[in-house]
Amino acid sequence: MNEFTERVIRIIKGIPTGHVMTYGQVAAAAGSPRGARQVVRILHSMSEKYQLPWHRIINIKGEISLTGGDQQELLEMEGVHLKNGRVDLAVYRWFPTGAEEE
């Protein structure tokens, strides 16, 4: 497994309950600001194996990008409220220690 993938997994596992990060934010925190699509690939292929809280990753608009899933329900169970289909990033976005805003 490459270093970027390891960092992405570690960052995603570290998102606390009731918080979210964006795909691009995870990529930037892992050292590749333009690697949002790689984060998608990692989530798709490794969420189950590494028990990643995949539902805590959303797009930059605060919207759920996946269709037909339980993402909104899982977020709401953790106390993340969506208004008009969006998460208020000012309230729920989490920044890992040492990470800067996008």
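Me: What are the ground rules here?
Reply: The model is predicted: local features need pLDDT of at least 70, side-chain atom pairs count only at pLDDT 80 or more, and totals for chains, interfaces and linings use all residues. Residues are numbered from 1 along each chain as its sequence is written, and side-chain values use heavy atoms, without hydrogens or water.

Me: Where does Tyr50 lie?
Reply: In helix H3, residues 36–50. Helices (H or I, at least four residues) and strands (E, at least two) are DSSP runs, numbered from the N terminus.

Me: And what does Tyr50 contact, leaving aside neighbours within four places in sequence?
Reply: Met1, Ile9 and Lys13. Contact means heavy atoms within 4.5 Å.

Me: Is Tyr92 buried or exposed?
Reply: Tyr92 is buried, because its relative accessible area is 15%. Buried means under 20%, exposed over 50%, partly exposed in between (1.4 Å probe, protein chains only). Tyr50, at 23%, counts as partly exposed.

Me: Which residues touch Tyr92, beyond four places in sequence?
Reply: Gly18, His19, Val20, Gly79, Val80, His81 and Val87. Tyr92 itself is in helix H5, residues 89–92.

Me: New topic. What is the phi of Gln51?
Reply: Near 50 degrees, a positive value in a residue other than glycine. Most residues other than glycine have a negative phi. Gln51 sits in the loop between H3 and strand E2 (57–58). It is exposed, at 68% relative accessibility.

Me: What about the phi of Asn84?
Reply: Positive too, near 55 degrees. Asn84 is in the loop between strands E3 (82–83) and E4 (86–87). At 75% relative accessibility, Asn84 is exposed.
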